[in-house]
Amino acid sequence: MKVGIIGCAHMQAKIYTNIFKQENVEVVGIFDQNSLRGNQFAKEMGIIFFKSLDRILTTSIDTVLICSENSLHYDYVLAASIHKKNIIVEKPLALTTQTALHMIAACQEAHVKLLVAHPIRFSQTILDLKNYYEAGELGTIYALNCTNRGKKPGGWFLDKELSGGGAILDHMVHLIDLSRWLFNFEIDSILARAQKQPGSEIEEAGLINITFTNGVILSLDTSWNRPLNYPVWGDVDLEIISEKGYTFIDAIGRKVDYYADNEIHNYLNYEKDMDERMIQTFIATIDQDLPEAVSGADGLYTIQIATLAYLSLKQKRVIYRNEFDELLHQDFT
């Protein structure tokens, strides 16, 4: 396997690149439309910087990792598919349902894999939860109270043209994906609320209320409200009310509180890193031609629900299932 990096705007670019190198995958180089940023990344990672997208796509790489600004995912996925490269793309897959569908179709026509980075699926606590639920240990689920709160990012995340949205788009992806992957729940209605700073197009606080077709309710806090000195980037928590009681899941993983002289409070995770497990799975998926572990269809689903959430915000009302097909043709950006 040979990988080319396309875009390093996202913080995950360094994390994933280091994991590739750890797994003895050859990282051929990087292209970024911001040449200063790309050159700095190349020097730090010890790889080659390519001055054009076409140049890196015509090398011997068989896979690309796309960690660019969200608005560029579409163009980069289509370009990579034309060059018959397998694709790993940071979430969200796209900014509209229609562009996501085009990306999926392009990859299918090119017979290349399209893998979307949903690392929370690979957390040990989430894998344990999936096993417990499928074994009947939770019984019938009645309600989910979830959070995916983080620190406020800067830079392009706050530019709607580049990001497509704020805290809702950035942070609802993981829990919406888990609600379907873990429990196979389908959404019946959705109501979204958000708060912005004066003069900003980007919401910094979001609250999503969902009712599923089986009557289960979900409340999801997607806010960027963690302070800058918070020990980790944020949280992904699930509180589950079921017929067999109350279950709390820290989806970031099991950890201990750590205090030391002259250091801020921190956490020590003692389980295998979910990013590492995800990238290892993606490598095996491509090298062994296995079914896509997190497919384009999975990425599409989260974009569809984000679209409905933003339309709920715009129209200030509950969006119901019988409206979904018509509304999903709209562009929430």
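Which side chain meets that of glutamate 69 in a salt bridge? I looked this up first. The side chain of arginine 37 does, at 2.9 Å from N to O. I note that the model is predicted.

**Entry: the pair and its surroundings**

I checked where the two partners sit. Glutamate 69 is in the loop between β4 and α4, while arginine 37 is in helix α2, residues 35-45. They are 32 residues apart, and the pair links distant parts of the chain. Is glutamate 69 buried or exposed? I found it buried, because its relative accessible area is 6% and the cut-off for buried is under 20%.

**Entry: strand β4**

β4 covers residues 63-66. Thr63 and Leu65 point one way, Val64 and Ile66 the other. I found all four buried. In a regular strand, side chains alternate between the two faces of the sheet.

Next I looked up the neighbours of β4. Strand β1, residues 2-6, runs parallel to β4 and is joined to it by 4 bridges. Here glycine 4 stands opposite valine 64. Strand β5, residues 86-90, also runs parallel to β4, again with 4 bridges. There isoleucine 66 stands opposite valine 89.

I then traced the path from β4 to β5. Helix α4, residues 73-82, belongs with them to a β-α-β unit. I noted the unit as right-handed.

**Entry: other salt bridges**

How many salt bridges does the structure hold? I noted 16. Side chains of opposite charge can pair when their charged atoms come close.

I looked at lysine 2 and glutamate 26. Their side chains meet in a salt bridge, 4.0 Å from N to O. Lysine 2 is in strand β1 and glutamate 26 in strand β2, residues 26-31. This pair, 24 residues apart, also links distant parts of the chain. Lysine 2 is partly exposed at 29% relative accessible area. Glutamate 26 is partly exposed too, at 42%.

I also looked up arginine 180. Its salt bridge is with glutamate 186, and the closest N and O atoms are 3.1 Å apart. Arginine 180 is partly exposed at 32%, and glutamate 186 at 23%. Elsewhere, shared partners join Asp32, Arg37 and Glu69 into one network of salt bridges.

**Entry: arginine 149**

Where does arginine 149 lie? I found it in the loop between β7 (141-147) and α7 (160-163). Its side chain makes a polar contact with the side chain of aspartate 235, at 2.6 Å. I listed what else arginine 149 touches, including His171, Asp221, Trp233 and Asp237.

Conventions. Residues are numbered from 1 along each chain as its sequence is written. This is a predicted model: local features need pLDDT of at least 70, side-chain atom pairs count only at pLDDT 80 or more; totals for chains, interfaces and linings use all residues. Side-chain values use heavy atoms; hydrogens and water are left out. Helices (H or I, at least four residues) and strands (E, at least two) are DSSP runs, numbered from the N terminus. A polar contact is a pair of N or O atoms within 3.5 Å; within protein, one must be able to donate a hydrogen and the other to accept it, and residues adjacent in sequence count only if both atoms are side-chain atoms. Contact means heavy atoms within 4.5 Å. Buried means under 20% relative accessible area, exposed over 50%, partly exposed in between (1.4 Å probe, protein chains only). Two strands pair if DSSP finds at least two bridges between them. A crossover is right-handed if, with the strands pointing away from the viewer, the path from the first strand over the helix to the second runs clockwise. Lists of a residue's contacts leave out its neighbours within four places in sequence.
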